[in-house]
Amino acid sequence: PVCLATYTSIRRSMMVLLLRGAIATIAAFCVGGSSVSAFQHAPLPSAPPRMSINSSSHKNHGISIPSSPRRRHSVSMMAGGFLSGLFGDGTDGGSINNVANAAPPTASGKNRINSGKGATNEVMKSVNGMRQRRLGGSDIIVSELGLGTQRWVSSDFNAPNKEQVFEFMDKAILNSGVNLIDTAEQYPIPSDGKDASEGDSELVIGEWMKKHNLHKGESRRKVVIASKITGGRNVTPKNIKRDCDGSLKRLGTDYLDVYQLHWPARYSPQSNWGQSLKYDIEPDKSAYWRGMGGPTSFEDLCLAMQDLIDDGKIRGWGLCNDNAYGLTGCTRTAKALGVTPPCSIQGDFSLIDRKSEENGVAEAASPYNDNVGFMSYNALAGGMLTGKYIDRPAALDNTERDKVIAAMKDPRGRMDEFGWSRTLYRYRTDAAQEAIQEYAKIAKRAGMSLTELSLRWNRQRSLVTTTLVGHTSMDQLQQSLDFFTRSKPLSDDIMWEIDTVHMKNRLPIFSSNRVGKDWDGEGEIGEPIP
């Protein structure tokens, strides 16, 4: 066994080194060089390298590549053989497999590759009028509407309590064709440590599942649970296992359907908050990111997620608040290592935030490329796309002191609350509010609310697999269900009108008319700008 472990370690290390060398080879060929010059003259990083793979912490994934349409049966130690399937041959996304209900994971002791099952976003079935689609190339099928749980049982002023949350799940999951619940180990947000603590959202979901006997056995397949590990330097192979176990314990179930990184394991300029889109090398080379060997590598991440799949603890995995670099880095590394690639990426997406369609994410996620599903969140832009702040501005946008105080005493939503309104200020830029007013006019001419226009538009984008919506009342949930089950696609004329507004400012939430030189390169919540 010792010899076998040593042999496995050496083979895995060779695989990873070959992957990195092969990338250098391709770069050399692209500029007319040779494979020899690529390996001899590839520049060494000035910063400490990423964390290397610790062979003792993983099973034998690295070289034991199972037979697959994406993979040659004989793996030679040549770049050509090694790279077969690395850049895709179309089979992963082009094959349609109409198997809607897959078996739950089982601990098999060997690689279980949950990929290549069909094209992402293909409609597999309809339940009570709710269409359900394939998530990435996996066998995981999700409803077009998913339940967002960020503020469930939180300490927020209008957070739904446990009784309301149970009613939401009864209505959506048991009676309306919704099967997806999205949560995270950090939820609820906000949590004050008194009335609400991190992990409470998972606990409530688990309690509801157990009440309806959906936590184990055959009935567990009726609900799709997606949870997230806290991002940044917390993402290590050891913590991935530990935090997944914690989520499973709180949920009271044997496996997660999708396990996602809440934000990238590496520095990324726009993981979630603020208006920063520009990559800045200074924070990336800081001690926080480069200390202790640097952020967890794509290789270690992919192998750790495959460990969980092999152990039967997850069916698939994905990313959140990431970009095209992170997505392709994970998918291509996973395919090269012969392990399961991510099946999903979750991101901020709405009428006033269409960056994922235009920054490479949609192209990378396409079924013709990396075949990854997209979970859209903040489709209503923190409530701005409901239209309730048009006639009477959000508290911090009001110029009259008395009205500011009155709004904060009786808030209509998050934008009237001091903490949230500052955190989500990107949805209230001048450009964003101008666009919102134009979209409201389109909705009025079409005889619908701005909320309906926003959610129906989101539903029919080719990028989007599922839209995650948070609700604070049963009326809100019923509206969402109606929009996703009873409504026809928006007409071509309406879609064109929407596009004409978009063309005036393609990134309104990342625009600013009030930034000053004296801000010293920081945005309104301290994030680096531009």
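The dialogue below takes up strands, helix packing and backbone geometry in this predicted model.

Colleague: Let us begin with the sheet. Which strands make up the closed barrel, and what is the sense of their pairing?

Modeller: The barrel is closed and has 8 strands, in the order β4-β5-β6-β7-β8-β9-β10-β11, with parallel pairing. Between neighbouring strands of this sheet the average turn is 30°, direction ignored.

Colleague: How many bridges link β7 and β8?

Modeller: Strand β7, residues 256–261, pairs with strand β8, residues 314–320, in the parallel sense over 4 bridges.

Colleague: In which sense do β1 and β2 pair, parallel or antiparallel?

Modeller: Strand β1 (residues 123–127) and strand β2 (residues 130–134) are antiparallel, with 4 bridges between them. The bridge partner of V127 in β2 is M130. Together β1 and β2 form a hairpin with 2 residues between them, and N128 in the turn has a positive phi of about 55°.

Colleague: Which residues of α16 and α19 meet?

Modeller: From α16 there are A435, E438, Y439, I442 and R445; they meet I494, E497, I498, V501, H502 and K504 of α19. Sorted by class, this contact has 6 nonpolar, 1 polar and 4 charged residues.

Colleague: At what angle do α17 and α18 pack?

Modeller: Helix α17, residues 450–459, packs against helix α18, residues 474–485, at about 45°, with the axes 10 Å apart. The two helices, α17 and α18, are therefore oblique to each other. The crossing of α17 past α18 is right-handed. T451, E452, L455, R456 and R459 of α17 make the contact with S480, F483, F484 and T485 of α18. By class, there are 3 nonpolar, 3 polar and 3 charged residues in the contact of α17 with α18.

Colleague: The backbone remains. What holds for phi in most residues other than glycine, and for most peptide bonds?

Modeller: Most residues other than glycine have a negative phi, and most peptide bonds are trans. With that in mind, N321 may be considered: its phi is positive, about 55°, although N321 is not a glycine. N321 is found in the loop between β8 and α11 (324–337).

Colleague: Is N321 buried or exposed?

Modeller: N321 counts as buried, because its relative accessibility is 7% and the limit for buried is under 20%. A381 also deserves attention: A381 is not a glycine, yet has a positive phi of about 50°. A381 lies in the loop between β10 (373–377) and α14 (401–409), and is buried, with a relative accessible area of 0%.

Colleague: Where is there a cis peptide bond?

Modeller: One joins Y187 and P188, with omega about 10°. P188 lies in the loop between β5 (180–182) and α6 (200–211). The bond from I189 to P190 is also cis, with omega near 0°, and P190 is found in the loop between β5 and α6.

Conventions: Residues numbered from 1 in each chain as written. Predicted model: local features only at pLDDT ≥ 70, side-chain atom pairs only at ≥ 80, totals over all residues. Heavy atoms only, no water. Pairing = 2+ DSSP bridges. Axes fitted to C-alpha atoms, helices over the stretch in contact; angles between N-to-C directions. Contact = heavy atoms within 4.5 Å. Nonpolar A, V, L, I, M, F, W, Y, C, P; charged D, E, K, R; others polar. Buried < 20%, exposed > 50% of the residue type's maximum accessible area, 1.4 Å probe, protein only. Parallel < 35°, antiparallel > 145°, perpendicular 65-115°, else oblique. Left-handed = near helix turned anticlockwise from the far one by under 90°.
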